[in-house]
Amino acid sequence: MSSTEGYTGDFPPGGGPDGGEAEASRAPHRVIGTPPPAEQRTLLGTSESDAPPAPPRELPADPDDLAGASRAEKIVAALFILAMLAGFGFIAAYIGLPLGASLDSVLRSNLALGISMGVAFMAMGVGAVIWVRRLMPDVELTEARKPLASPPEDREAFAETFREGAETSQFVKRPILRRSLIAATVPLLLAPLVLLRDLGPLPGTKLRHTVWRKGLRLVISDTGRPIRPADFGSPGGMITVIPEGYQTNDNALVKATAIIIKFEPGELKYPTNLKWTVDNIVAYSKICTHVGCPVALYEQTTHHILCPCHQSTFDATKGATVLFGPANRPLPQLPMGVDSEGYLVALSDFKVPVGPSFWERG
Ligand code: FES
């Protein structure tokens, strides 16, 4: 540090400790006596007396049709008052229509809140549109575009700052540092390209098929035991089944896991394929057609199969058609029969892709 760095003492104008003019002009100086009055300025420029004359108005102060504007003014004011009343109505409905235990009270409250809020916003919106269209001048203004480029001195200053930065960083002077930094950057730049490999290969038709095939037994997922129709004592309940021999193959099970449900005679209806059922037992894919969660819940009384993830609900008596929720296609039905020993077997793979609907388009 030089002897003058950080110095804040007094020097007379025109001289510094080293006698330099430039140094002296930057140094603070003491003012003795009453300072001269500050230059008269307004916040936005020079004082009124120095200001150039105001440019002529570009926008007319009033609309052409004064009588029409007066009518529009009344309409707009009426709409705003309506919006105000509707707003108060919203508050009154919120306070005056408390939610009770019944669904009717919820319905009444929601209806009143919705209508009052809707009317308030609509009246405000319509009023604002009429205000703009009928009361504001309809003129087209153009503004000359200013040059976007920085002035040459700014660009020169930037280049100078950049050069200084490069020098002081030692990036140019020390080639070992520069080269090792570049070498360290190269793999990081390549990393995103390597990750592109995860986009392929395309699945082709792999996702359309599961391991189910003709003659493959259905076994209980927990025990691996094959099932005879007679093992179902009575209708009701849902059993998760998997293809025999694949108990430890997670890749296969993630698509092939299925559920079987037994019904009373006559309960199964179209579009259930009755030819693929055995003694009123039907098998469906367990993979939800929304985004693939396992449909794990079954309501015996309503015959609804529920997906716990987003509440998709399927009608088990009607080909697992969608009753509710984001899934948009039924759970695929597994063609099922019995083998020579009387055990439940698949007659083929699923006829449509299992799981999320977008696989159909894959
Ligand atoms: S995954 Fe089943 S409803 Fe979303």
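## Basis and overall make-up

Residues are numbered from 1 along each chain as its sequence is written, and side-chain values use heavy atoms, with hydrogens and water left out. Because the model is predicted, local features need pLDDT of at least 70 and side-chain atom pairs count only at pLDDT 80 or more, whereas totals for chains, interfaces and linings use all residues.

The protein has 6 helices and 12 strands, taken as DSSP runs numbered from the N terminus (helices H or I, at least four residues; strands E, at least two). Of its 362 residues, 27% are buried, where buried means under 20% relative accessible area, exposed over 50% and partly exposed in between (1.4 Å probe, protein chains only).

## Aromatic pairs

The whole structure holds 2 aromatic pairs, defined by ring centres of Phe, Tyr and Trp (its six-membered ring) within 6.5 Å, with planes under 30 degrees apart counted as stacked, over 60 as edge-to-face and the rest as tilted. The pair of phenylalanine 80 and tryptophan 131 is tilted, because its ring centres are 6.2 Å apart and its planes lie at 55 degrees. Phenylalanine 80 belongs to helix α2 (residues 66-96) and tryptophan 131 to helix α3 (residues 103-135), so the pair ties together parts 51 residues apart in sequence. Phenylalanine 80 is partly exposed at 26% relative accessibility, and tryptophan 131 is likewise partly exposed, at 41%.

## Leucine 193

Leucine 193 is placed in helix α5 (residues 175-195), and with a relative accessible area of 53% this leucine is exposed.
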